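Please open the model in your viewer and keep the selection panel at hand. The stops below go from one selection to the next, with the cut-offs given where a term comes up.

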Amino acid sequence: MNTWWEGLSSQERLMVTFGLGVILAVTLFLVVWEPFYGHLRVLRQTVAEERVQMVWMAQAALEVASLRGVTIATEKHTGGSLLALVDRSARAAGMGAGLSRVEPEGKDKVRIWLNDITFNALIPWLTELNKTQGVTPESLVVDRQPTLGRVNVRLVLVGPSSHQEPHA
């Protein structure tokens with residue numbers, strides 16, 4: 001190979017070097033850059049599709065919230081259930097954004113999921129529910145979040161009509 005290279009004139013060496021540079025550049029483009037950029041295009045398209053999905057979900061969440069408000073208002077005028085009372089009072093205590101799920105558990109119990117709420121809002125809310133409505137916690141699980149003072153809460157509340165002793 002050295003003898004062949006030495007046998008070339010300086011112009012031929014320049015052309016061979018330039019040709020090898022072009023071949024190297026094309027190879028790098030086809031092997032490295034094009035797959036990377038193609039994957040980037042796919043990811044950008046996926047992000048755009050996910051944003052459309054997120055907008056749809058946000059609109060659906062607003063619709064659910066508005067339907068929930070209609071249901072709560074209806075129950076409020078008829079005396080209300082424990083479910084409506086707990087939902088309404090949690091929202092009034094400023095925990096509505098964290099209220100992810102409220103579901104009845106029997107006639108006089110409600111299971112609640114609160115996500116990313118302030119712990120300092122939880123205790124006064126539970127105290128107020130107990131003082132004014134006679135609602136007591138049967139079970140309470142509090143998970144600390146990375147942000148100081150923020151927690152996820154899973155609890156079961158028992159209405160005033162229940163005479164059961166709370167379970168640990």
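**Stop 1**

Select Val26, which is partly exposed with a relative accessible area of 43%; here buried means under 20% relative accessible area, exposed over 50%, and partly exposed in between, with a 1.4 Å probe and protein chains only. This is a predicted model, in which local features need pLDDT of at least 70 and side-chain atom pairs count only at pLDDT 80 or more, while totals for chains, interfaces and linings use all residues. Residues are numbered from 1 along each chain as its sequence is written, and side-chain values use heavy atoms, with hydrogens and water left out.

Val26 lies in helix α2 (residues 10-77), where helices (H or I, at least four residues) and strands (E, at least two) are DSSP runs numbered from the N terminus. Now extend the selection to Phe18, Val22, Leu24, Leu28, Phe29, Leu30, Val31, Val32, Trp33, Phe36 and Tyr37, which together with Val26 make a nonpolar surface patch of about 1200 Å².

**Stop 1**

Is Lys109 buried or exposed? Lys109 is buried, with a relative accessible area of 15%.

**Stop 2: strand β4 and its partners**

From Lys109, step across to Val158, its bridge partner in β4. Eight bridges join β2 to β4, and these strands run antiparallel; two strands pair if DSSP finds at least two bridges between them. Select β4 itself (residues 150-158): seven of its nine residues are buried, so this strand is largely enclosed by the rest of the structure.

Strand β3 (residues 136-144) is also joined to β4 by eight bridges, again antiparallel, and Arg144 has Val151 as its bridge partner in β4. β3 and β4 form a hairpin with five residues between them, and Gly149 in the turn has a positive phi of about 85 degrees.

**Stop 3: the β1-β2 hairpin**

Finish at strand β1 (residues 99-104), which five bridges join to β2 in an antiparallel arrangement. Pick Pro104 and its bridge partner in β2, Val110, then the turn of this hairpin, where four residues lie between the strands and Gly106 has a positive phi of about 80 degrees.

How values were computed:
Patches are made of residues with over 30% relative accessible area and no salt bridge: like charges are joined within 9 Å, nonpolar side chains (Val, Leu, Ile, Met, Phe, Trp, Tyr) within 5 Å. Accessible areas come from the Shrake-Rupley method with a 1.4 Å probe; for residues, only the protein chains shown count as cover. A salt bridge is a side-chain nitrogen of Lys or Arg within 4 Å of a carboxyl oxygen of Asp or Glu.
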